[in-house]
Amino acid sequence: MDFQVDIHRDGDIGVLGVRGEVDVYTAPKLKAAVVETMEGGCVRLVVDLSEVGFMDSSGLGVLVSALKRTKDAGGALRLVCGDERVLKIFRITGLSKVFAIDASRESAMSAMGAAS
Amino acid sequence: MTEAVALAIPAAPQYVALARLAAAEIALKSGFDEAAAEDVRLAVSEACTSILRHARGSGGLMRLQFRPDGDALAVEVHLPAERADLDGALSDAASEEERFGFATLEHLADDFEMIEAEGGDVVVRFTWRGLG
């Protein structure tokens, strides 16, 4: 599956739907999507990893930096992921305690306090 | 699969996915179950990525070796000396990402090391024991 990030806005929340495998080759594209969304005025982000079949430390690096950027800007970041294979690396690195991870995009949006 | 397998792929980010595919397939063929093969896939991705963090310029190949031995599997990834950029100790993870990568390899594999081999090649090696 080709790597792709679909960006859309739901009120002031930027929603990034990520598809494919996040690794050393594709992580810069995810980073660019985060930067683009934040520069477009969103400091609250939901990064949906439901369609991600694989992620390694390259992806973690981008997400940790996105978490810091959103917090520094007074916003927040939530992840959507229900795939054990992808959740495993969050647990191994201790990052499952650092990120807010929801099983569905709906839960993430409602936890973020979306108006819709 | 009980024979050793060697693979040479361009030392560039877009080929790490190919190394992952091969790693998972070799693990399955060596008798690993799907969860263990998934671990091998992740570890090989981290190993190739760690190697590429210490590469300079472009071109050249990185070499992967998979050696099944009973219910163990030994993996080595080599970056040739002419592509290596050895600033500081290899085992000192410089960036946060690299620390995550090393933590993942240390967790998944029974032993893991990243060294400068004789001749200046950068080598990542790790083993699984008692699986398969």
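Reader: What area is buried between chain B and chain A?
Author: This is a predicted model, in which local features need pLDDT of at least 70 and side-chain atom pairs count only at pLDDT 80 or more, whereas totals for chains, interfaces and linings use all residues; side-chain values use heavy atoms, with hydrogens and water left out. Residues are numbered from 1 along each chain as its sequence is written, while chains are lettered from A and ligands numbered from 1 in the order in which they are written. Buried area is the accessible area (1.4 Å probe) that two parts lose on being put together, summed over both. Carbon and sulfur atoms give 60% of the area buried between these two chains, and the whole comes to about 1,700 Å².

Reader: Which residues of chain B lose the most area to chain A?
Author: On the side of chain B, 22 residues are in contact (heavy atoms within 4.5 Å) with 21 residues of chain A. Three residues together account for 29% of what the chain B side buries, and they are B:Arg20, B:Leu42 and B:Phe100.

Reader: How many salt bridges does the rule find across the interface of chain B and chain A?
Author: A salt bridge is counted where a side-chain nitrogen of Lys or Arg lies within 4 Å of a carboxyl oxygen of Asp or Glu. The side chains of A:Glu21 and B:Arg41 meet in this way, at 3.2 Å from N to O. Across the interface, the number found is 5.

Reader: How far apart are the end C-alpha atoms of helix α1 of chain A?
Author: Helices (H or I, at least four residues) and strands (E, at least two) are DSSP runs, numbered from the N terminus. The expected span of a helix is 1.5 Å times one less than its number of residues, so the 13 residues of α1(A), 27-39, should span 18 Å. The end C-alpha atoms agree with this, being apart by 18 Å.

Reader: In what order do the 5 strands of the open sheet in chain B stand?
Author: Two strands pair if DSSP finds at least two bridges between them, and the pairing in this sheet is antiparallel. The edge strands, each pairing on one side only, are β1 (5-10) and β4 (111-116) of chain B.
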